[in-house]
Amino acid sequence: MNRVNRVFVVLVSILWAGLLVTLTLAQEPLSTPTPIATAIPSDVTPTAIPKPPPAISLSQDGITVELFFESLKQGRAGVVRVDGPGVREVRAQVFGRIIEFFPVDGEGFYGLIAVGIEQTAREYDFEIYAVLADETRITIPARFAVSLGGFVLQEVELPPERAYLIDPLVERAEFARVASVFQNITQERLWDSGEVDWQFPLNAPLTSQFGALRVFNGTAETLHTGWDLRAETGTPIFASASGIVAFAGLMDIRGNLVIIDHGYGIFSGYAHFSQIHVVRGQEISKGQILGMSGNTGRSSGPHLHWEMNINGEWIDSVDFLQTWIPG
Ligand SMILES: [Zn+2]
């Protein structure tokens, strides 16, 4: 082996070793202050996601059903399209919940199937109901698999003056409060139409990931319902998509919180603000400033907690931005 080749082999070995160390570190349990996912671009400049081909196509009584996924991980959402002559309304029953589909010009009806973080990984049967113009009702059975979300364990230390916020009663009360916001589903598409519909709420590194099982001060456990982004207090936070403000106010854990209703059961939430610049009921455009980031509520330092809820389930907001959504 000549000298140039030897240098090349040594360089490749060093790169491999570096990659292996990086991969190993990525599997380790996390602690809050370490940025863990800086490799994921969290740029406010959105990128258009091309429409993928359907993964599964079914047909029954002249109705076509397309699933744009083969399986869904816990905490993820998938797109379903239904079309056929004379179809007037479409809904599905998944995990015992009715999901309304929305019309898209020339393409039929689309719906989003959201899988909760704690949904058991296995195969699920579900049903699609199509109502035709002449009132004929057609039921189409379908099936998909839920796979493990691959969530990590994360230990968080809260300062003593905020330790009361790890009380399970505080947590339960707040979940009930946000759930009541998500129950009011607007049967209208409020997010923008066009090629690029969704964007990151600010351009900053992601510091803590969705779905982590969090252990607070060594005892209480909870699941992380969103992603955290690094943001000094006073950083402007932008709306991920257009919608209507469904909540703007103070909560125990989320602190100063803004929730935007994007229609058809899709909501985005922005927590721990130092200042809120919008009010409930206000119409919001994509990229509009909602408020300034901060450190209010159950927070161990200034950051933005950014979460999404679809049809009552917490969904990975970063994954959602990388999913094709009909526009
Ligand atoms: Zn968070």
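A: Let's start with confidence: the mean pLDDT of the protein is 86, and 85% of its residues reach 70 or more, pLDDT being the predictor's confidence in each residue, from 0 to 100. This is a predicted model, in which local features need pLDDT of at least 70 and side-chain atom pairs count only at pLDDT 80 or more, while totals for chains, interfaces and linings use all residues. Residues are numbered from 1 along each chain as its sequence is written. Two stretches call for caution. Over residues 7–12 pLDDT stays under 50, and the model has 0 contacts there beyond four places in sequence; a contact means C-beta atoms, placed from the backbone, within 7 Å. Residues 14–42 also stay under 50, with 28 such contacts.

The part I would pick is strand β24, residues 303–310. Strands here are DSSP runs of E, at least two residues long, numbered from the N terminus. Of the 8 residues of β24, 8 are buried, so the strand is largely enclosed by the rest of the structure. Buried means 20 or more other C-beta atoms within 10 Å of a residue's own, exposed means 12 or fewer, and partly exposed lies in between, with C-beta atoms placed from the backbone. His-303, His-305, Glu-307 and Asn-309 point one way from β24, whereas Leu-304, Trp-306, Met-308 and Ile-310 point the other way.

Now for its partners. Two strands count as paired if DSSP finds at least two bridges between them. β24 runs antiparallel to β16, and 5 bridges join them. Within that pairing, His-303 of β24 stands opposite Arg-230, and Leu-304 is the bridge partner of Leu-229. β16 (residues 226–230) is mostly covered as well, with 4 of its 5 residues buried.

Next comes strand β20 (residues 266–273), which pairs with β24 in the antiparallel sense over 6 bridges. Here Ser-268 has Met-308 as its bridge partner in β24. Met-308 also has a bridge partner in β25, namely Ile-315. β25 (residues 313–315) pairs with β24 in the antiparallel sense over 3 bridges. These two strands form a hairpin with 2 residues between them, and Asn-311 in the turn has a positive phi of about 45°.

For context, another part of the fold is an open sheet of 5 strands with mixed pairing, in the order β4-β11-β10-β6-β7. β4 (71–73) and β7 (97–100) stand at the edges with a single partner strand each, so one side of each is left without a neighbour in the sheet. The twist averages 35° from one strand to the next, taken between N-to-C directions of lines fitted to C-alpha atoms, on a scale from 0 to 180 degrees. In this sheet β10 (residues 123–132) and β11 (residues 137–147) pair antiparallel over 9 bridges, with Glu-123 opposite Ala-145. The loop between β10 and β11 holds Asp-134, which is exposed, with 7 other C-beta atoms within 10 Å. Asp-134 and Gly-86 are 48 residues apart in sequence, yet 7.9 Å apart in space, C-alpha to C-alpha.

Terms used: Contact = placed C-beta atoms within 7 Å.
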